[in-house]
Amino acid sequence: MRPLPNSRWLRIAAIGVLLLAAYAAVGFWVVPRVLRAQIVAQARERLGLVASVGPVRFNPFSFRLHVDRLALAAPGGKPLAGFDSLFVDFRPSALLRREYAFREIDLAGASVNAVVGPDGRLNLSRWIPVPKTPKPAAKSKFAWPRIRVDRLRIERANLRYEDRAHPGDFTFRLAPAAFELTAFTTGPSGGAFAFHARTPTGERIDWQGRFAVAPLASEGDLRIEDLRAATVESLLRGPLAGRVAVTLTGGRFGVDVPYRFAERPRLQLRIDRASASAVGVGLAPAGSSVDEIRVAKLTAAGGNLDFDAHRASVARIALAGLAVDAALDANGTLNLASFAGTGAPATAPAPATAPAPAHAAVGPAQPPASTPRWAVDLPQVAVSDGRLSFVDRRTTPAATFVFAPLRLQIDGASLDPSRPIRVALATGVAGGGELDARGTVVPAPLAAALDLRATHLDLVALQPYVAGHSALTIERGSLGGTLVLAMPRGVESLRVRGDLRIDGLHTIDDALRQDLVDWQRLDVRGMSFSLHPARLAIARIVAVRPYARVIIESDGSLNVKRILTAPGPAAVAPAPAGAAARDHGSPKARARAAPIRAAAAASPARVTVGRVDVTRGEADFSDLSITPHFSSGISDLHGEIRGLDSAPGARAKVDLKGEVGPYAPVTIDGALNLFGPKTYTNLAMTFRNMDLTIFNPYSGKFAGYDIRKGKLTTELHYRVDGGKLEATHHVVIDQLEFGAKTHSKDATTLPVKLAVALLKDRHGVIDLNIPVTGSLNDPEFRLGPLIWKVVVNLIEKAVTAPFKLLGALFGAGPQIQYVDFRPGDATLDATDLARLRTVARALQSRPLLKVDVPIAALPAFDASALADERFDAEVAEQMLGRTFPAATRPAGKTTLSRALAQRGPSAGATFAALGVKSQVTVLTAMYRAQFHASPAFPPGAAPAQADAAKLAYLETQLRGRIHVGPDDLQVLAERRALAIEKALLNGTGVDPARVFLVANDKVAAQGQHVRLQLTLR
């Protein structure tokens, strides 16, 4: 039989078993219960939380711990944190190496509910235990204990964050979330980790890499996918509320950020080749739900950041389907300006006692000199398939411009404003046309060099601006051209050169709905513009088929004035007087006013145009102030203007030709200063073979007759020098004939037909020279009315003094209209015959003239003369009765005395040559023959005077029997008229039908003669 073991060893074994059993009992049974109780107690005592814990299991042999269903809640019952299960596999052997080592830590179903309250405090921070007595300050830097975790895994986590401290609650939730850490140590090598999470809406966060805590460092890749706009917008309206002025109305975002981070030897952060993307992005101003910026797709690639070097860059940003809706309201405020606002409250003003730094007014605050500036580069920004819509609501209707498809590429953008940026823009324009801009821009100081090209831009888009300042409508038209813009030193050094072209312009008068200004093509070639010095130079302008309509309105005004002054923009209400006074002296007001004063003081821009070519131009002129309306026009206008210059001493050469009707050429040539015609003008204009019937509206209104036929040729010459006008108008009217009378109330009372007859020569031509002088500086000077006044004066002088006009034409004086006769006589002397011959020549050269010859006598002169002639004849007959036989006696009483005188001494003496006694004897015989009685002489005469008394008595008695009546005067008047008619017609070739013998009162005394006055009609 074998001997029994030593009792000592048995006792040792038994003790060992008992100790092991006790250890196992404590480990399996006591530790879980104590741990569970301590969790609940410590949560209540130290944190003031309500904790609930499920089963707790601990294996004292493997040092594995299981904790189920831990939940921490606030006293009110709101859950704060918890998990479904926790598994910890600890390796106690590592303690021998002074290291805490874990094979595995698994946490499943973890949840955290973090809430920032209205007071800004995080709910979790309330339950962080605070030591009752403060710890003394650490004498050395914190040192991490040596910890090793082979694997840490968190699964099915639910993380929720809520912010109630800002307007609009922000809530963010990650569920499920998972985290895994492998081969982690607190040493420099750290460990590898991977974090994966989703949100209930499908957003994903993937973060993986390595991190270490001693020193703190990490490298890895953070990727966020399908981030929704609602999530970002919740952030903007939550923690960032008031700091951004944008409402994100749509979009899904993603980022991929490879990074490296290190705390030592100094804080370092590097991001290499990061990328970002977004689709369906919509942006609206804060508080609005209407998108004003939309992006179909955004991609950013090659993002790099070096925090230590203060450099950042994004290799390329591409925006596809960018749509921007820009608008100016009625006050001129741009809607997109709200995107630039920060919404941050203004900084409180400094106390009055704290003076501002001396440099404060110079410019924006600069960072301290020790703070390095960040360098940010955007090598390439590209926009494709873009759309820009711009609405200007300052006009009525609003002006709308749409640019699409829009392509934009910006190369070399950065935060350094002195670096040039390359820009390339190409876009279509709604309504037709394209815009293209390429070149470089330097933001500060502003400089640019751009090549601009426009093709078929629709000018109708400018109609709202035109309608606001005029009464015309652009029906069609397109603009194109190429320009080179250079701004080497800022806006004040702006230079533009290139060519422009406007095709198919068609405008109409809104009131009349008729064409106003049109052209087929207008080329502006070799244009060069500079802002300082202000100058515009154009090498050549070519106008093909230009057209313009000029109308005199019914009230006498020009249509151009009406069109350019209606309806006009509404006036801006003036600011209150007090406000104006307060603002006038402020520095800002002076700064705003300075450019205005400088612009006002600047000299006007000099404008030069080398040459203007006009091809097949047309112009229509209408006068609606008369009835019927007058219309005419110039067609086929062509030619050139050379050397246009706004300089005071410049002279432009003009050479234009056209037609007024198919056979009426027009020429305009000379020189002028087109920009200052009052300074210098020397122009000659010729209109030939114009049909006068087109002027019937004017003729009917002002002359009182329609024009049946006629042609007009004018040669006009205007010379202006220093505001002084010298004009000559050579007017030739051929074969003018008036038609029916119009009975116009505005017709002149002058006998226009007579004027025409006076002015028209034997060939039917009226040839006039009308000089006009005056000062254009006189505000009352009007050339048109002045010319009309000269013409009216000419007609008036012609019809009121026609013989003066004819006398001047034929080298005689105005006396040709008068014929002088001796009283009682009808014989023309040599002077009168010469005058009448001149009148006859005038009638020959003026075929339309007719002359009225008066049948007139002057009783006061002619009656006594006829009585004397008859007495002398009776005396001569008494005397001739003894001299001539009866058969040979002269017939007619008026020739007897002449015959007697012609007989001379051989026939006996004349009565006047007889002595008194002989005269008494002759008269006594006559007395006895007429009275059939002897004369009864009156007594009382002295013997010496007896014969004289008898003679006087006899003459008185005999003369008393002579009676000169109206018939005698009429015979004398007719003899005189016939004598004048004979002088006008015999051998002159004047048609007798043009000479009329008229009984009128055109007779008067002229000295000792009777004067008859001829009348023209």
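Reply: Happy to! A term to start with: a crossing is left-handed if the near helix is turned anticlockwise from the far one by less than a right angle, and right-handed if clockwise. Keep in mind that this is a predicted model.

Me: Thanks! Is the crossing of α14 and α15 left-handed or right-handed?
Reply: α14 passes α15 in a left-handed crossing. The contact includes V920, L923 and Y927 of α14, and L951, L954 and L958 of α15.

Me: What classes of residue make up the contact of α14 with α15?
Reply: There are 11 nonpolar residues, four polar and four charged.

Me: And at what angle do α14 and α15 pack?
Reply: About 35°, and their axes are 9 Å apart.

Me: Switching to the backbone: what kind of peptide bond joins H532 and P533?
Reply: A cis one, with omega about 5°. P533 sits in the loop between β23 (514-531) and β24 (534-544). The bond from T396 to P397 is also cis, and its omega is near -5°.

Me: Where is P397?
Reply: In the loop between β16 (375-392) and β17 (399-414).

Me: What about F63, what is its phi?
Reply: Near 55°, a positive value in a residue other than glycine. F63 lies in the loop between β2 (56-59) and β3 (64-73).

Me: Where is R156?
Reply: In strand β7, residues 147-163. R156 has a positive phi of about 55° too, although it is not a glycine.

How values were computed
Residues numbered from 1 in each chain as written. Predicted model: local features only at pLDDT ≥ 70, side-chain atom pairs only at ≥ 80, totals over all residues. Heavy atoms only, no water. Helix = DSSP H or I, 4+ residues; strand = E, 2+ residues; numbered from the N terminus. Axes fitted to C-alpha atoms, helices over the stretch in contact; angles between N-to-C directions. Contact = heavy atoms within 4.5 Å. Nonpolar A, V, L, I, M, F, W, Y, C, P; charged D, E, K, R; others polar.
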